[in-house]
Amino acid sequence: MFSLTQSSKSEFLDKARQAREERRGHKDKEKSAILMQALVRRFLCRCRLQKQIRQEVDDYFQASETGTSKRNALSIFKIARKLLFVYRAEDKMILQMFEKLCRAILASMEVENEPKVWYVSLALSKDLTIPWLKQIKDVLWICCQLLKKLKPDILQDNKMITLYLSMLVTFTDTSTWRIVRGKGEALRPALTRICENIMGHLNQKGFYSILQILLTNGLARSKPSLSKGTLTAIFSLSLRPVIAAHFSDNLLRSFLLHIMSVPAVVSHLSVLTPECMASMHTHDLLRKFILFLSREEQCLDICVCLEGSHTLCLLGNLIHLGFFSEKVLEEEANHFVKDLTDMLSYCQRYVSQKKSNLTHWHPVLGWFSQTVDYGLNESMPLVTKQLQYLWGVSIIRTLFSDVLSKKLESQEPTPPPPQPSTSQNNLPVKNLFKRAFQKSASVRNILKPVGGKRVDSAEVQKVCSICVLYQTALSTLTQIRLQILTGLTHLDELLPKLWAFICELGPQGGLKLFMECLNNDTEESKQLLAMLMLFCDCSRHLITILDDIEVYEEQTSFKIEELLTISSFLNTFVYKMVWDGILENAKGEKLELFHSVHGWLMVLYERDCRRRFTPDDHWLRKDLKPSLLFQELEKGKRRAQLLLQYIPHVIPHKNRVLLFRNIVTKEKESLGLVETNSASPHVTHITIRRSRMLEDGYDQLRRLPPNSIKGVIRVKFVNDLGVDEAGIDQDGVFKEFLEEIIKKVFNPALNLFKTTSGNERLYPSPTSYIHENHLQLFEFVGKMLGKAVYEGLVVDVPFASFFLSQVMGHHHTTFYSSIDELPSLDSEFYKNLTSIKRYDGDIGDLGLTLSYDEDVMGQLVCHELIPGGKTMTVSNENKISYIHLMAHFRMHTQIKEQTAAFIRGFRSIINPEWLHMFSTPEVQRLVAGDNAEIDLDDLKKHTVYYGGFHSSHRVIIWLWDILSSDFTSEERAMFLKFVTSCSRPPLLGFAYLKPPFSIRCVEVSDDQDTGDTLGSVLRGFFTIRKKEPGGRLPTSSTCFNLLKLPNYSKKSILRDKLRYAISMNTGFELS
């Protein structure tokens, strides 16, 4: 063997290795076979055993059902042990057996006077106590797991829920155990500890999560599917561990997280099981919840675990409990307010202003950046109803008790102001204020800030924290914001008393304190500003929904003198925020505060513009120098721009008109529309036939681009014979053309515009469609009126204020109310609508529908206010909607297309931003001139004389004396209209009248007049007459603002002839 070669040795080793591997393989196969055989045998054995056990269990229950065997506790225990050994949740046969086991256990507990039958009696057996305890824990946990899968709205599942709940109710409390009755009372402590042991085990396994799922499945819907008994059982089960643990933090946390976060659970309990509510009151649960959540870390933990939707549900349940427990609320108000504020603040972190890929829609919170449980949507109306208790009268009275306890009146209230005269803006303001301020200052102690209350006092801190709560609710519950504001304004006394409270704050009260708060970043300052913000938001909402009768005559909530004080405070506050530079750098809460205060201010200002309640110059800031403002605007200073953007009314009206004219002039310069040394502006020439002035003007101007209309337009008139009229247009002829066009298009006979009932103001006619091209005509009219305003020409066109509001875009603002503008259209219709609002009976008896019947050219047309409105009856529930829908239809829907076309034309000439510095009445003055008394001294100062007349001429002296002494103000207005075609003076005075006011001495009639000659001028200057002009009348050329006056010999002749001429409005016609 030792002589073998090296290769033979290698072969030998390979064969030996292969042999070893083969032997190892055989051994592995043998082991595997043995293991497989063992597994199969075990499986078969287990199957046989399970089959045997199942058979034994089945036989046991069959025997029990037929009555051939008598049950006792031990037999149930043994059969239960076998069933638990083979229990499989997915096996339907096993589940049926488990159901029978539960029924058997429960039945054993009901037997009278047979201790051996009671299943619980085994707990007293020395040998079986621990096995029995383990068994009952397992059985009850299986019941819990099965409850998790069952649906309460399915009848069969409902029966199973009742069974398994009965098991849990029976073995978590000893009250139903017969074993503890009589002599067994001594056993109760030991058995109670067993129940506590069982509940502790279930809690560790997730007992509260099971109950939460069951409650949510049964209650998170519009109509609950849980019966009274089932709901009582679930609630009792949820409360037992808490009571057993003596309301420990751990169990209170579980109860809040899993039970109190179920949507509207308190609402369902109060309706279905008042006994459960009584139990909550007995155990003072609300107080315990409030105190538990008052610890910041506990509250945050709860909120983080629940997230937004369920936090809202918990909030609703706590508020509902607070509604039922007024005493607890009074005693724990501070903690209650803090808890709700913290929870709302947590939700607010995730409330978004707009949709994005990271947000979800929530019916109460709006766009929300946490996951939203859409399964709760069906129950959200109930949750919302619970939340509403927070701004209901009961809780508001409880929380604001310190504020509401104040007495404001010490004598009779101020009588209501008188009805407005024919014009809405002509309220007898002087009489109103005379009466208001003749009253003693003690009528209400809120007429002026008095100060004296320390801001760090407990009372002030409490009111501030309550205001922070409601302000947080407003910014978090975005979809029910209006409901919150309406609730907070329901008590008429709350807002005046809150204002009284604000006035008492600080050493001096009112403004100074809040201005200091703006410059401080302390928590105390933030709370004080939140109080002001809430007051502004609520007051703005209130004044927006009140009609004129409620504000001016009934003086609901606020007296007129209080509105004066408040408006003055707001005006100063906003002015200082802007002018002191606070607004420029404002962010977050300060910016929100500004918008709240500014919003309330502008609602009051706009109300005052519609119907005056403030004295003259109330809104002006005397410490603001217009010259400084204009300098800063020229330099582009931010504060000046913000002032003009937000509160232009603090600037005198005349200065704003000057600013407007400067803006127009600058635009003209930028567009090359002004004559310069180097260039002349482009001129557009048009030829107009006097007989077809409107048609020719429309055809030649409507297609011109806006910049051409803004530029110079020269007009040549052609008379009825087709001959060009003599004369060169130096703006005067175009002025005449514009006046004639405007006079024609606004003539109601044309049916482009109608007049309102009563004060005869103009608005688009709803039936203007009889003209084939009526919308193009409206656009053309808008351009022509825009041109007049652009050039500073005043035209005598009185617009209805509701129409001007739409032209200015006010109807798109948040707080615009159609009903407030309705009197400017039809005051009688407004009274009828508001009488519906005040109707105490059943509105349904009036037979109204959500539709409007109108006589259109002899035919009755029914307009539906909403789709299907003619079949919907107006009721007490929808009467407010009906009023607003009707007002909106009359003022907007009916003339929507016409108004849009007019605005399109007007805005092509006048930038809408330019008009933002004016109120609606001020825009009317911009169009039609000032409604003030004519200033004869100003007119005299800016009059130009021709034909030999001069300021010291006898006829001229007579003329001015007649106008000032003999003519009434109406006749002076007629004189101005006779010469200029407009009865109102220019806004900036006669220095800005174009062409300037002129008086010319004439010797002959207009048709013979060839103009001034040297002889005529000399004769006029020296009062030399060719013949006595006593038979001739004064005439005028309105296009040149020129009065043609004969050289009368007597003052009386001049007075009589002039009076006759202006009363006949002769103009060119008579001579």
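How many of the 1071 residues in the chain are buried? Buried residues make up 52% of them, where buried means under 20% relative accessible area, exposed over 50%, and partly exposed in between, with a 1.4 Å probe and protein chains only.

Hi everyone, a word on the model before we look around. This is a predicted model, in which local features need pLDDT of at least 70 and side-chain atom pairs count only at pLDDT 80 or more, while totals for chains, interfaces and linings use all residues. Residues are numbered from 1 along each chain as its sequence is written, and side-chain values use heavy atoms, leaving out hydrogens and water.

Let's start with the whole chain. We have 45 helices and 13 strands; these are DSSP runs numbered from the N terminus, helices being H or I with at least four residues and strands E with at least two. The radius of gyration is 45 Å, well over the 31 Å that the globule rule gives for 1071 residues, so the chain is more spread out than a compact globule. That radius is taken over C-alpha atoms, and the rule is 2.2 Å times the number of residues to the power 0.38. Along its principal axes, the C-alpha trace spans about 160 × 105 × 65 Å.

Now, a helix to find on your screens: α23, residues 511-519. Its buried residues are L511, L513, F514, M515, C517 and L518. They pack against α22 (494-503), α24 (523-545), α26 (560-579) and α27 (588-610). Contact here means heavy atoms within 4.5 Å.

S765 sits between β7 (762-764) and α34 (774-791), and counts as buried because its relative accessibility is 0%. Setting aside neighbours within four places in sequence, S765 is in contact with N751, L752, F753, K754, F778, I895 and Q898.

H892 belongs to the loop between α38 (879-891) and α39 (896-909). With a relative accessible area of 8%, H892 is buried too. Beyond its neighbours within four places in sequence, H892 touches Q806, H811, Y816 and S818. H892 and F803 are 89 residues apart in sequence, and 8.8 Å apart in space, C-alpha to C-alpha.

Which residue does UniProt list for "active site"? The unreviewed entry gives C1039; positions follow the numbering used here, feature names are shortened, and annotations may be inferred rather than shown by experiment. C1039 lies in the loop between β12 (1035-1037) and β13 (1042-1046). Is C1039 buried or exposed? At 4% relative accessibility, C1039 counts as buried.
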